[in-house]
Amino acid sequence: MCGRYSLALRPAQVRQMLEENDMPVDDVPDDEGDEAPRQSYNFAPGYHGIVYRADVPDWGAGPRKQHANTSDKAVTEDQTEGEVEDGTSRSQHTSYKLQSMKWGLIPFWTKRNPDYGSMMKTINCRDDSLAQSGGMWSTMKARKRCIIVAQGFYEWLKKDGGREKIPHFVKRKDGKLMCFAGLWDMVRYDNDEQKHYTYTIITTDSNKQLNFLHDRMPVILDNGSDDLRTWLDPKRHEWSKELQALLKPFDGELEVYPVSKDVGKVGNNSPNFIIPIDSKENKSNIANFFAKGSPAPKQTMKKEQPEIAVKKEEGFVAEDAKGTSNTTVGVKREAEDEPTGEEPLKKLPTTVKSEMSNKSLSPQKGGRPKISATSNGTKSPSKAKQPGTQKITKFFGNSS
């Protein structure tokens, strides 16, 4: 069964995408207005969708037949200039059109507008029912075949005996539009001159990819394929085994994933409905909401690390003498690699000048008591030149 699908594209966009797949479009409805089809990520029965079909009269392809009901008179009046009795144009060229139609087929012999429950019974048509002769589908399957355009469709996975239903979205893996095989019809109710165009989607057995989800799926014809052209060919106005053989499970690659349960309510509409529920792009996923806050501390740590590294590289030589062994290890090694080098002196010229001019004030970092004690040691001048570049602990080691 196919009871919900997605089509949130304007007719002009659909036309462009179909023509890119060798599906010509000679007529298209307006993007906006009363006659425009609906655009929705949650397309439900009763909505007006986009149907792709051969441009044939309202009675369908093939020669016009006489019927013993009031609707036949309307069919006769619908013949337009340029059309002949077999339902084709005077030219041999077949034109194709996009048309806005209501989902839920209403047969042409219907006299009154049916209620919603009755319409729901004809949103789908089983492929095996078309294999039988006669029935309500006999006229439509021979003369009024069409393609229903969609971006993908929804199906619900039942768990816990049906108590829990998880919606899944199914789309083509190559990103192309889905072309569902369908049937259409036109009806005029009693005391109503307005034409009502409606359609149904044909279903078949599920393929291997969708067996876990449901036992039925829409018949999907490949875009621009020979099978699709055969299905729409107005010259084939009698049902045949060749047409019946086209109604089979899709053998292409599909993408299937769970989506938001909000799609289950008719009337809800959001682009998140066709995005995987666990995707980072799905803004409605609460897990993604909390995930946004977790990278914040990591980013602040990354900002702090380069600031510390920059301070170490700048090296403030003036801190070497007062820093502990743990904080000055890196700086002391750089000093040993460059004995009596000019570059450290150029970085802090004022500190170096003060050390060279005042030997007794070499550890000029705030006048510590230990520094003043060393100046009272009355050491030889040759030894007095070294404390500025040595640790104070080494100085006490020499004096002992």
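This is a predicted model: local features need pLDDT of at least 70, side-chain atom pairs count only at pLDDT 80 or more; totals for chains, interfaces and linings use all residues.
Ile 220 sits in the loop that runs between strand 11 (216-218) and helix 6 (226-232). Ile 220 counts as buried because its relative accessibility is 5%, and the cut-off for buried is under 20%.

Next, show what surrounds this residue. Apart from neighbours within four places in sequence, Ile 220 is in contact with Phe 153, Met 178, Cys 179, Phe 180 and Phe 250. Thr 203 is 17 residues away from Ile 220 in sequence, and their C-alpha atoms are 8.9 Å apart in space.

Move on to strand 6, residues 145-150. Six of its six residues are buried.

Now look at the strands paired with strand 6. Strand 3 (residues 48-54) is antiparallel to strand 6 and joined to it by two bridges. Select Tyr 52 to find the residue opposite Ile 147 of strand 6. Strand 9 also runs antiparallel to strand 6, with six bridges between them. Here, Arg 145 has Leu 183 of strand 9 as its bridge partner.

Finish with the nonpolar cores. The largest has 61 residues, and Tyr 5, Tyr 52, Tyr 199 and Trp 231 have the most contacts inside it. Strand 9 (residues 178-187) supplies the largest share of this core, seven residues.

Methods. Residues are numbered from 1 along each chain as its sequence is written. Side-chain values use heavy atoms; hydrogens and water are left out. Helices (H or I, at least four residues) and strands (E, at least two) are DSSP runs, numbered from the N terminus. Buried means under 20% relative accessible area, exposed over 50%, partly exposed in between (1.4 Å probe, protein chains only). Contact means heavy atoms within 4.5 Å. A nonpolar core is a set of buried Ala, Val, Leu, Ile, Met, Phe, Trp, Tyr and Cys residues joined through side-chain atoms within 4.5 Å. Two strands pair if DSSP finds at least two bridges between them.
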